[in-house]
Amino acid sequence: MGNSGICPDHANIGRFIALHDDLIAGPFFEALTRSVLRETGSAGECLAGDGTVVEAAASHYGLLKVEAAQQKAEDAQRQAQDDPDDLDKQGRAEQAQRVHHTLERRSQRRQARGKSSGQLRISPQEPDALVQPLKRGRGMAPAYKPSILANESRVVVGHVVDPSNEVAVLPGLLTQSRKVTGAMPGELLLDAGYWADAVIETSLTHDISLLCPEGRTGGKRSAGSRLYPKSDFCYSEFDDSYRCPAGARMVVIGRWAGNEKSPAYTLYGTPACNGCEHRAQCTRNKKGRRLKRYDGDEAKEALRQVMCHPKAKRRFSRRPAMVEPVFSVMRGLQGLNRFRRKGLAAVRTEFALHVLAYNLGRALACRLFVAPFSGHTVVLALLKQYFAHHQFIAMMMNINNPNPGKVAHAELNLLLA
Ligand code: SF4
């Protein structure tokens, strides 16, 4: 801790984080956010979700493919066996094994989904991070995907970090937002990246009104494709057929029972493709256009119709203003352009600290700009915020405590009251 008591050094910050890891991202975040919600007079009736990619604390040089990771693990193992008393070598062997097994698991998961795993790579320093494209075309690097849920006052009520998946973490985000706000949201606004069966199913399970546009490949024709997307074909439940853009009726021509690589579907086709003048824009298949209908397609069609309604479009147009400035503030003002800590658990705590700082900023901004303006009110608000903030830091750092324990929940509640 620095001499003034308000300028902690890195060792103390690190010790504090290690001591309060489980509290920061969970109970403390929830307690603080409830206070911020009271301060901003906002709730969680309508929430918007978003995710981003943030580079991990690892170089994008020296990435390993599966074979290289295996070779390194074997070499490290051999060295460790030759010198069993050398703890450094034992540690290096364990780390190399972990790197190899992590990459192998990822490779098997991709292959199980019928995807190629030849280009998969891993960072030996940060195996939890996934090598993925960074924002703004900055190439590929080991990175994580933090996701958030924010309300209409841009207060973050749910946050999580996953190596790569923003869809799979949605149920966890909703559970956390319920702990903070006391109820599931009535309305959920998500961008096209969340257009997935799992998201629609989650919203139906919790009786949430979901507004989510279709992704580029499913909805509008993407720049690289000249073929009619599936959404150009109208399904009729009445006779279980599709009407194609040329007006032909596509009927059931096969069924696939599904396996672990590919879900079950029904296949539709039509003989009218032979000699159809739309064929060049519709299919490259010699047998004609084929459509696959999956179990979740019915719900997707319903959502697609909802999103066409002008009122739904108007409500959805609020999403960017609710959630996107959050990451801009974190990147631009809080410096979250790259994680400083290594390992998924540590990165989750680091992101939680960013969210806490951001939410405190929302409370302060609300005091300054939203509450009825009076010089007296503003000065009092600033003073209270200032002292609360530094009292908070001092308490967290346990400056004079030779045996620092975890911050008691009661103390935090007092501070946040
Ligand atoms: S190619 Fe077949 S499916 Fe496509 S528009 Fe023509 S008839 Fe319809």
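In this predicted model, Arg293 is placed over the face of Tyr235, at 3.5 Å from the ring centre. Tyr235 is also part of a cluster in which ring pairs link Tyr235, Tyr242 and Tyr268, and the count of aromatic pairs comes to 5. The centres of the Tyr235 and Tyr268 rings are 6.3 Å apart and their planes stand at 85°, so this pair is edge-to-face. It links distant parts of the chain, given that Tyr235 belongs to strand β8 (residues 234-236) and Tyr268 to strand β11 (residues 265-269), 33 residues apart. Tyr235 is partly exposed, with a relative accessible area of 23%, whereas Tyr268, with a value of 1%, is buried.

A further edge-to-face pair is formed by Tyr265 and Tyr294, with 5.6 Å from centre to centre and 70° between the planes. Because Tyr265 lies in strand β11 and Tyr294 in strand β12 (residues 291-294), this pair ties together parts that are 29 residues apart in sequence. Tyr265 has a relative accessible area of 18% and is therefore buried, the limit being under 20%, while Tyr294, at 28% relative accessibility, counts as partly exposed.

Around the ligand, the residues are Cys244, Ala246, Ala272, Cys273, Cys276, His278, Arg279, Cys282 and Arg289; by class, this shell has 6 nonpolar, 1 polar and 2 charged residues.

For the protein as a whole, the secondary structure comes to 12 helices and 12 strands, and 41% of the 417 residues count as buried. Among contacts between residues at least 6 apart in sequence, 62% join residues at least 24 apart.

Notes: Residues are numbered from 1 along each chain as its sequence is written. This is a predicted model: local features need pLDDT of at least 70, side-chain atom pairs count only at pLDDT 80 or more; totals for chains, interfaces and linings use all residues. Side-chain values use heavy atoms; hydrogens and water are left out. Helices (H or I, at least four residues) and strands (E, at least two) are DSSP runs, numbered from the N terminus. Buried means under 20% relative accessible area, exposed over 50%, partly exposed in between (1.4 Å probe, protein chains only). Contact means heavy atoms within 4.5 Å. A residue is near a molecule or strand if one of its heavy atoms lies within 4 Å of it. Ala, Val, Leu, Ile, Met, Phe, Trp, Tyr, Cys and Pro count as nonpolar, Asp, Glu, Lys and Arg as charged, and the others, Gly among them, as polar. Rings of Phe, Tyr and Trp (its six-membered ring) pair if their centres lie within 6.5 Å; planes under 30 degrees apart count as stacked, over 60 as edge-to-face and the rest as tilted. A charge sits over a ring if NZ of Lys or CZ of Arg is within 6 Å of the ring centre and within 35 degrees of the ring normal.
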